[in-house]
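Let's take a walk through a protein together. Have the sequence and the 3D view ready, and follow along as each part comes up.

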Amino acid sequence: MFPSVELEGLETKEEFLAKFNLKEGFSLEEFRAKITEFERLGYVAFRAQDIIDAGLIPEEIAAMWRRHFAELNKILEPVNCCLSKDSGRFCLKDEDIVEQIDLGKASELFSELVARVGRLKDKWIAEFAYPNYCEYDEIERHYFSFRPTLNDIVTAVLAHRIDRYFEHSETPTIVCQLCRRELHWADIDADSLFERLRMIENSHCCCPRKPRRKRIPQ
C-alpha cells in the first residue's frame with residue numbers, strides 16, 4: 001500500500017484529514033474504507049514514512065509498517081543500498097556504465113536479467129529491465145553508496161520484491177495457507193532471503209504439514 005520512494009508535494013496532516021474527510025483518531029473501519037484513496041495519495045503527496053510519522057493511520061497498523069521498514073533496512077544496510085525504486089526509463093547513459101552483471105548467475109529466479117552498473121554523482125546505480133522491455137515498462141533501479149557486487153544487487157532486488165509484495169496490502173503480514181496463522185513477514189522462519197520471499201509469495205509460515213490420516217481397511 002505504501003510505496004517506499006521519496007515523493008514531492010507533501011501536505012500537512014490537517015490537509016490530509018480534510019481531503020479524505022477523516023477525523024483525529026479515526027477508526028480502523030474508516031481506515032479500511034479509505035484504502036484506495038490512501039494508495040492514490042501515496043503516489044502524489046507522501047512518502048510511506050511520512051504517513052506513518054504523521055500519525056495518519058491507526059497505531060497498531062503503523063507499528064507493523066515501522067517494523068516492515070526497519071527489517072528491510074537491516075537487509076539493505078550491509079550491502080550499502082540506500083534506495084530502491086521503479087521508473088519508466090533507464091537513468092544511466094551508455095558512457096556512465098562501467099559493468100554489466102548477469103543476475104542469473106545467482107539464481108534461476110533472475111534468469112535473463114542483466115544489471116547495468118554505473119556511477120551518477122555520488123551514488124552507484126544498478127538498474128535493469130525485465131525481458132520484453134518496452135519504453136513504458138518499469139525499470140528497476142537500486143542506489144548504493146559503494147560499487148555493488150552481484151550479491152549486493154541480488155540482496156537489494158529481493159528486499160525490493162518483499163517491499164513490493166505488500167505495496168497494496170493493509171498490513172505487511174501473511175496468513176499461512178496451512179495453519180491459518182497470521183504473522184509479520186519478518187517472523188517467517190527461513191534460512192535465506194530467497195526462501196523468505198518464496199514463503200511470503202506462497203503464504204507459508206514454515207509450520208509442519210499435517211500428516212495425512214491413514215485409511216483404515218474396511
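A nonpolar core is a set of buried Ala, Val, Leu, Ile, Met, Phe, Trp, Tyr and Cys residues joined through side-chain atoms within 4.5 Å. Buried means a relative accessible area under 20%, exposed means over 50%, and partly exposed is in between, with a 1.4 Å probe and protein chains only. Before we use these terms, note that this is a predicted model, in which local features need pLDDT of at least 70 and side-chain atom pairs count only at pLDDT 80 or more, while totals for chains, interfaces and linings use all residues. Residues are numbered from 1 along each chain as its sequence is written, and side-chain values use heavy atoms, with hydrogens and water left out.

Start with the overall plan. The protein has seven helices and seven strands; these are DSSP runs numbered from the N terminus, with helices being H or I of at least four residues and strands being E of at least two. Along the sequence, the pattern reads α-α-α-α-α-β-β-β-β-β-α-β-β-α. Of the 218 residues, 45% are buried.

Now look inside. The largest nonpolar core holds 42 residues, and L103, F144, I153, I162 and W185 have the most contacts inside it. Two or more residues of this core come from each of α5, β3 (114-120), β4 (123-129), α6 and α7. Take I153: leaving aside neighbours within four places in sequence, I153 is in contact (heavy atoms within 4.5 Å) with residues including L103, V117, A126 and F144.

Which residues of helix α7 are buried? In this helix, residues 193-201, they are L193, R196, L197, M199 and I200. Seen down the axis of α7, the buried residues fall within an arc of 165°, so they line one face of the helix; the arc is that of the directions from the helix axis to the C-beta atoms. These buried residues pack against α5 (59-76), α6 (150-165) and β6 (173-175). After α7 comes S203, with a positive phi near 50°.

Next, turn to the aromatic rings. A pair of them is described by the distance of the centres and the angle of the planes. Rings of Phe, Tyr and Trp (its six-membered ring) pair if their centres lie within 6.5 Å; planes under 30 degrees apart count as stacked, over 60 as edge-to-face and the rest as tilted. The whole structure contains four aromatic pairs. One of them, F110 with F194, is tilted, at 5.9 Å centre to centre and 50° between the planes. This pair links distant parts of the chain, since F110 sits in the loop between β2 (97-102) and β3, and F194 is 84 residues away in helix α7. F110 counts as buried because its relative accessibility is 0%, whereas F194 is partly exposed at 30%. Another pair, F128 with Y130, is edge-to-face, with 5.5 Å between centres and 70° between planes. F128 is buried, at 1% relative accessibility, while Y130 is partly exposed, at 33%.

A polar contact of 3.0 Å joins the side chains of Y130 and E140. Such a contact is a pair of N or O atoms within 3.5 Å; within protein, one must be able to donate a hydrogen and the other to accept it, and residues adjacent in sequence count only if both atoms are side-chain atoms. Is E140 buried or exposed? E140 counts as buried because its relative accessibility is 2%. E140 and K85 are 55 residues apart in sequence, yet 6.2 Å apart in space, C-alpha to C-alpha.
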